[in-house]
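Please examine the sequence and the three-dimensional structure shown below. The report then describes selected features in turn.

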Amino acid sequence: MRDLQQKYRTHPFVQQMHWVAFPPRNLQKAIVDYYRAYTHSVRWLEEDLIGLTELTRFEDELVDEWEREFEWMLDTLDEDAGDDEKKTAGKQLLRQLLGQTSLAVRSRYNDPYFARGQRHVLADTGRIGWHADFETRIADLLKVNA
């Protein structure tokens, strides 16, 4: 587990979880979910068990769900909200969405880790985020790693 955590420590999805002070043990589990979802997606695509269009549709559904909840989160924050309030709101959003695993790429591909892991995959690309300022932070992170 430590090796996996060390390997992924600089990934944007892990950084995003640090920005909202996600608990360490849950962070470890998130890395495993990310790894499993990513490797399963690659295998399913390579073995023609699922089409890219289907996987893209599933990701779009996850993004749509995130956009709705992220907007609500932003609406709860005052204009002058500090970083502590943003961290708390982001952690709450992350916890809430990781608990929503009813979306499935297919009815038989409905393992909860896959929806959670795909959210981390999307966060790793900067398509979704948890902290209210994640877009700026991701841009800064990508500049540093370029």
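## Basis of the report

This is a predicted model, in which local features need pLDDT of at least 70 and side-chain atom pairs count only at pLDDT 80 or more, while totals for chains, interfaces and linings use all residues. Residues are numbered from 1 along each chain as its sequence is written, and side-chain values use heavy atoms, with hydrogens and water left out.

Helices are DSSP runs (H or I, at least four residues), numbered from the N terminus. Helix α3 covers residues 24–46 and contains leucine 45; serine 41 also lies in helix α3.

Serine 41 has a relative accessible area of 7% and is therefore buried, a term for values under 20%, with exposed meaning over 50% and partly exposed in between (1.4 Å probe, protein chains only). Leucine 45, at 29% relative accessibility, is partly exposed.

Contact means heavy atoms within 4.5 Å. Not counting residues up to four places away in sequence, serine 41 touches Leu55, Phe114 and Gln118. Leaving aside its neighbours within four places, leucine 45 is in contact with Ile50, Gly51, Leu52 and Leu55. The C-alpha atoms of leucine 45 and leucine 55 are 8.8 Å apart, and the two residues are separated by 10 residues in sequence.

## Packing of helices α5 and α6

Helix α5 (residues 83–98) packs against helix α6 (residues 112–124) at an angle of about 140°, with the axes 9 Å apart. Axes are lines fitted to C-alpha atoms over the stretch in contact, and angles run from 0 to 180 degrees between N-to-C directions. The angle makes α5 oblique to α6, because angles under 35 degrees count as roughly parallel, over 145 as roughly antiparallel, 65 to 115 as roughly perpendicular and the rest as oblique.

Leu94, Leu97 and Leu98 of α5 meet Arg116, Arg119 and His120 of α6.

## Aromatic rings

The whole structure holds 10 aromatic pairs; rings of Phe, Tyr and Trp (its six-membered ring) pair if their centres lie within 6.5 Å, and planes under 30 degrees apart count as stacked, over 60 as edge-to-face and the rest as tilted. Phenylalanine 70 and phenylalanine 134 form an edge-to-face pair, 5.6 Å centre to centre with 90° between the planes. This pair links helix α4 (residues 52–76), which holds phenylalanine 70, to helix α7 (residues 134–145), which holds phenylalanine 134, 64 residues apart. Both phenylalanine 70 and phenylalanine 134 are buried.

Tyr8, Phe13, Tyr34 and Tyr38 form one aromatic cluster.

Technical notes
Helices (H or I, at least four residues) and strands (E, at least two) are DSSP runs, numbered from the N terminus.
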